[in-house]
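Please open the structure in a viewer and keep the selection tool at hand.

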Amino acid sequence: MDTVKDVLGRWGRKVAEATRRAEDLAGNTWQHLKTSPSFAEAAMGRIAQGTKVLAEGGYEKIFRQTFETVPEEQLQNSFACYLSTSAGPVMGVLYVSTAKLAYCSDSPLSYQNGSKTEWSYYKVVIPLHQLKAINPSTSRVNPSEKYIQVSSVDSHEFWFMGFLNYESAVKCLQEALQQHSLQSV
């Protein structure tokens, strides 16, 4: 009887953990879609990004095509998210490699160059040796709104939000900071 109780207890804890993870993913997905000015645009953006990843051979290939890399540099992880800008949130992908954090928007953004309208992808690159802090935070007003502040040693701040997998992103970014901090000691 004790063995049955133990098995059911372990099974119950596993079900509770799986339920919590599913609720987190559902909440993060909902928040990700709500962050965009257009819900439909966000959903279509995610579909387009998934199609691009499949067509181009995965995130590793896209990362190497989008950013300058060295042969020994390895992509650790990538996260669909938004970068907060003065013009509003910009949907894209945050890449974490063994050498840098790099963000690229999913779509090119327009800007004025004199009287001409030009288009360019929004990119941010922070070499790991320039990384100062990774600060996760949650809105006090709406706890489902979660952010990650990335600070560089030259006093630049970048705010990322709307992660599909927030906890994993926080963990990966903090590990990247810790690994580099240990290497530079």
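**First stop: a residue in a loop**

Select serine 155, which counts as exposed because its relative accessibility is 64%, above the 50% cut-off. The model on display is a predicted one. Serine 155 belongs to the loop between S8 and S9. Its backbone also deserves attention: the phi angle of serine 155 is near 65 degrees, a positive value in a residue other than glycine. For context, most residues other than glycine have a negative phi.

**Second stop: the whole chain**

Now display the entire protein chain as a cartoon. How many helices and strands does the secondary structure of the chain come to? There are 4 helices and 9 strands. Followed along the sequence, these elements give the pattern α-α-α-β-β-β-β-β-β-β-β-β-α. The chain has 185 residues, and 35% of them count as buried. Consider next the contacts between residues at least 6 apart in sequence: 46% of these join residues at least 24 apart.

Select glutamine 149, in strand S8. Is glutamine 149 buried or exposed? Its relative accessibility is 11%, and it therefore counts as buried, the cut-off being under 20%. Show side chains here: that of glutamine 149 makes a polar contact with the side chain of glutamate 157, at 3.0 Å. Beyond the residues up to four places away in sequence, glutamine 149 touches Ala133, Ile134, Asn135, Glu157, Phe158 and Trp159.

Move to strand S1, which spans residues 75–85, and select threonine 85. Threonine 85 counts as buried because its relative accessibility is 15%. To which backbone atom does the side chain of threonine 85 reach? It reaches the backbone oxygen of glycine 88, at 2.5 Å. When neighbours within four places in sequence are set aside, threonine 85 is in contact with Val90 and Tyr122.

Select Ile148, Phe160 and Phe163 together. In the largest nonpolar core, which has 25 residues, these three touch the most other members. Two or more residues of this core come from each of S1, strand S2 (88–97), strand S3 (100–105), strand S6 (123–127), strand S7 (131–138), strand S8 (146–152), strand S9 (157–161) and helix H4 (166–183). H4 provides the largest share of this core, with 7 residues. Then select Phe63, Val93, Ala102 and Cys104, which are among the members of a second, separate core of 8 residues.

**Last stop: a pocket**

Finally, switch to a surface view. Rolling a probe the size of a water molecule over the atoms shows where empty space is left. The second largest pocket holds about 230 Å³ of space. Which residues of its lining lie nearest the centre of this pocket? Select Ser97, Thr98, Leu128, Ala176 and Gln179 to find them, out of 13 lining residues. The elements that contribute two or more residues to this lining are S2 and H4. H4 gives the most, with 6 residues. Colouring the lining by residue type separates 5 nonpolar, 7 polar and 1 charged.

Technical notes: Residues are numbered from 1 along each chain as its sequence is written. This is a predicted model: local features need pLDDT of at least 70, side-chain atom pairs count only at pLDDT 80 or more; totals for chains, interfaces and linings use all residues. Side-chain values use heavy atoms; hydrogens and water are left out. Buried means under 20% relative accessible area, exposed over 50%, partly exposed in between (1.4 Å probe, protein chains only). A polar contact is a pair of N or O atoms within 3.5 Å; within protein, one must be able to donate a hydrogen and the other to accept it, and residues adjacent in sequence count only if both atoms are side-chain atoms. Contact means heavy atoms within 4.5 Å. A nonpolar core is a set of buried Ala, Val, Leu, Ile, Met, Phe, Trp, Tyr and Cys residues joined through side-chain atoms within 4.5 Å. On a 1 Å grid over the protein atoms alone, a cavity is a set of points where a 1.4 Å probe fits but cannot get out, and a pocket is an open set with protein on both sides within 12 Å along at least five of seven lines; lining residues have an atom within 4 Å of a point. Grid points are joined across faces, edges and corners, and a volume is the space filled by probe spheres set on the points. Ala, Val, Leu, Ile, Met, Phe, Trp, Tyr, Cys and Pro count as nonpolar, Asp, Glu, Lys and Arg as charged, and the others, Gly among them, as polar.
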